[in-house]
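Me: I would like to learn how to read a two-chain model feature by feature. Please take the general idea first and the case after it.

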Amino acid sequence: MASKTINILVKIWRQNGPYVQGCLEEYPLRDISTDMSFLEMMDVLNENLTRKGQEPIAFDSDCREGICGMCGAVVNGTAHGPQKETTLCQLHMRQFHDGDTVVIEPFRSRGLPIVKDLVVDRSALDRIIQAGGYVSVNTGSPKDANTILVPQHVAEKAMDAAACIGCGACAAACPNGVPMLFLGAKVSQLALLPQGKLESKKRAIEMVLQMDKEGFGNCGNERECENVCPKGIKISNIARLNREFLKASFTIDH
Amino acid sequence: MCWFIQTFKSSLGKKYIMAITGFLLGGFLLVHALGNSSVFWGGEAFNSYAHHLHSMGPLVPLFEICLLAVFCLHIITAGYLFFENRAARGSQYAVQTSAGGRTWGSKTMPYTGIIILLFILLHLVNFHFPEKTVEKPISVFVVEVLHGPQALLYLIGLAALLLHISHGFWSLLQTLGISHPKYDQPLRVLAWILAGFMGAVFILVTLLVLFCKSYLAI
């Protein structure tokens, strides 16, 4: 397909710091190649701004391959933009048309406060992981292979949950601002495997309590998260979390 | 902290309260719909159903107190969740779209809940509190209320109820973790069918009495 160029109008949320009022500002962009990625378009805009002596737009990105979970913004009301199962960095300008207005806002949730412009502080998600999203493994000589048997279909299911990159789009898309899909995936990926079963009760309780401490809301089963997740994680993982927490709360013995 | 309080104070715990009380209210609604369907067999069938129900003696007030407790728990927890969730959302997006998950039912849960609460209060004033006698049985009250402009309020209340349970029935299963790739979709369809059935019975009863007063004549 031959590449072409488009002219678009971007409206971007500008906010100087965490506690100041922000607003949408308009920037017309000319001759944007449709082969560019969304973030390359942002780079072009930032170069233009820098040349004019204006403050460039702050936004997060790292691998730009859709696997690190660093990038993310809400494009025209949808977290990570219009293409399904795609991170913002993997979104391309061919998804847009000449003359389009593209509104770019940061992920919004009380638990993910804005640092500057499109950058949000996602350390709440790290603290949820620290509360229980791990397995304790004794160090020592390596075990023989296949001493712990895992059926293939279970390994696949755990891997589907482990695909979560912790980008926070689930909380951003959730009407109640809660990263329930993230938590469901992080609990599921370990609860499904024998290595994770040992600490599954403690994990479910500690991670849920930490999530509540971070000021997130309560899941309303609206299924918005499932529809924006760049890794296609299903809400059956949330159902598993609900089961795990219920079971753990009533049966944990310490 | 006591584990029980800790569990039900957590975000998931509050959702369990909503799901369990929602399930109990759904059960009551099903029995209520089946009972009301006796209207289709005429005034006498309906009055004898009401009479049999009230001949259960002390079980009636006991059941009423339990139902009131379940209602209160559902409403108080819902109010708490509504304000908590609104605060947790933080600032609103300038462009608001749905990614395809939300339904009319799920979007309007708190609002349809309030309409249902007002509707139940009206319903109790109409049918629960007045004294029923042999000369003036329940069917007479039904005709008095539904064969008139009040029927419109009933239809609005029932529409809200239908919307509320269209999300509520499936949602309570998900909250309690009842989900499996094999039967998640069938359960969702079943929840809609059940909600549709109940809504249809109540709405048909209202329309029947509104347009055909003589149907309930004794």
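Predicted model: local features only at pLDDT ≥ 70, side-chain atom pairs only at ≥ 80, totals over all residues.

## Reading the model

Reply: A:V10 stands opposite A:V102 in β5 of chain A.

Me: How many bridges join strand β1 of chain A to β5(A), and do the strands run parallel or antiparallel?

Reply: The general idea comes first. Strands of a sheet pair through backbone hydrogen bonds, and the pairing is either parallel or antiparallel. Here β1(A), residues 5-14, is joined to β5(A) by four bridges, and the two strands run parallel.

Me: What is the strand order in the open sheet of chain A?

Reply: The order is β2-β1-β5-β3-β4, five strands with mixed pairing. The edges are β2(A) (23-33) and β4(A) (78-79), each of which pairs on one side only. Helix α1(A), residues 38-51, packs on the sheet and touches β1(A) and β2(A). The direction of α1(A) makes about 105° with that of β2(A).

Me: Which residues of chain A have a positive phi without being glycine?

Reply: In general, most residues other than glycine have a negative phi. Two cases can be discussed here. A:D31 has phi near 55°, and A:N76 has phi of about 50°. A:D31 lies in strand β2(A), whereas A:N76 lies in the loop between β3(A) (74-75) and β4(A).

Me: Is A:D31 buried or exposed?

Reply: A:D31 is exposed, because 9 other C-beta atoms lie within 10 Å and a residue with 12 or fewer falls in that class. A:N76 has 18 C-beta neighbours inside 10 Å, so A:N76 counts as partly exposed.

Me: What are the totals for chain A?

Reply: Chain A has nine helices and seven strands. Of its 254 residues, 46% count as buried. The C-alpha trace of chain A spans about 65 × 45 × 35 Å along its principal axes. Among contacts in chain A with a separation of 6 or more, 70% are between residues 24 or more positions apart.

Me: And how many helices and strands does chain B have?

Reply: Chain B has nine helices and zero strands. Of the 218 residues of chain B, 29% count as buried. The C-alpha trace of chain B spans about 55 × 45 × 35 Å along its principal axes. For chain B, residues 24 or more positions apart account for 82% of the contacts with a separation of 6 or more.

Me: How should I read the length of helix α2 of chain B, and what span is expected?

Reply: The check is to set the end-to-end distance against 1.5 Å a residue. Helix α2(B), residues 11-36, has 26 residues and reaches 37 Å from its first C-alpha to its last, close to the 38 Å expected.

Me: Which residues of α2(B) are buried, and what covers them?

Reply: The buried residues include B:S11, B:L12, B:Y16, B:M18, B:T21 and B:L25. Their cover includes elements from both chains: α7 and α9 of chain A, together with α1 (3-9), α4 (59-89) and α8 (150-175) of chain B.

B:C72 is in α4(B). With 11 C-beta neighbours inside 10 Å, B:C72 counts as exposed. B:C72 and B:T21 are 51 residues apart in sequence and 9.4 Å apart in space, C-alpha to C-alpha.

Terms used: Residues numbered from 1 in each chain as written. Chains lettered and ligands numbered in written order. Expected span 1.5 Å × (residues − 1). Buried ≥ 20, exposed ≤ 12 C-beta atoms within 10 Å, placed from the backbone. Contact = placed C-beta atoms within 7 Å. Pairing = 2+ DSSP bridges. Axes fitted to C-alpha atoms, helices over the stretch in contact; angles between N-to-C directions.
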